[in-house]
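Please read this briefing with the sequence and the structure side by side. The points below are grouped by topic.

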Amino acid sequence: MTDTKLSNTRIAILTTVGFEQVELTEPLKKLRETGATVSVVSPKGPKVRAWNSTDWGIEVPVDEELENSDPSKFDALVLPGGVINPDKLRLIPEAVKFVQHFFAEDKPVFAVCHGPQMLIEAGVVGGRKLTSWPSLKTDLKNAGATWVDEETVVDGNLLTSRKPEDLPAFIARATQMLQDVAVTAH
């Protein structure tokens, strides 16, 4: 069932090959159910393949290729994890700039699992409190963040979560943050 709470909200999901399947498909589905326009943005197209826990998963259509995508037209950004996905994305300068735009404009950013690797590369975690997959704890601390082991953590415009099992809470908090932004914008 689709409602219209976020019908004027545009959300980018930045990803490439090797994203953790459920960390993209569940936010995509649930955010679209709120009425938001959600676009998969990727440097690879026309489809990107997921990693599904222990093996390759489904292919997801790319809505916009990164080189032709304008981050200023989006209201929020989702960064799914997976070990492969953020490791590949952080080597692409255009992907890093895409992420930096959301922080420069104080727009909501939602990162789950290994997604915060992109935040380290973008230079935006210093002084922030966040969570992630446990293996990123030292990397995030070394980048100046305060890492905590909690289901979801909100620090200003940034929402982070640890793992696929946290997705229901992650999606609920993301939806609430987007609704709060929509209310204050009107």
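Helix 3 covers residues 93-104, 12 residues in total, and spans 16 Å from its first C-alpha to its last, close to the 16 Å expected at 1.5 Å a residue; the expected span is 1.5 Å times one less than the number of residues. Helices (H or I, at least four residues) and strands (E, at least two) are DSSP runs, numbered from the N terminus. This is a predicted model, in which local features need pLDDT of at least 70 and side-chain atom pairs pLDDT 80 or more, while totals for chains, interfaces and linings use all residues. Residues are numbered from 1 along each chain, and side-chain values use heavy atoms, without hydrogens and water.

**Helix 3**
- Its buried residues (under 20% relative accessible area, 1.4 Å probe, protein chains only) are Ala95, Val96, Phe98, Val99, His101, Phe102 and Phe103.
- Just after helix 3, Asp106 has a positive phi of about 55 degrees.

**Aromatic rings**
- There are 3 aromatic pairs, counted when ring centres of Phe, Tyr or Trp (its six-membered ring) lie within 6.5 Å; planes under 30 degrees apart are stacked, over 60 edge-to-face and the rest tilted.
- The Phe98 and Phe102 rings form a tilted pair because their planes stand at 55 degrees, with centres 5.6 Å apart.
- Phe98 and Phe102 are 4 residues apart in helix 3, and so about one helical turn separates them.
- Ring pairs join Phe74, Phe98 and Phe102 into a cluster.

**Strand hairpin**
- Strand 11 (residues 152-155) and strand 12 (residues 158-161) run antiparallel, joined by 4 bridges; pairing requires at least two DSSP bridges.
- Val154 lies opposite Leu159 of strand 12.
- The hairpin has 2 residues between its strands, and Gly156 in the turn has a positive phi of about 65 degrees.

Definitions and conventions: Buried < 20%, exposed > 50% of the residue type's maximum accessible area, 1.4 Å probe, protein only.
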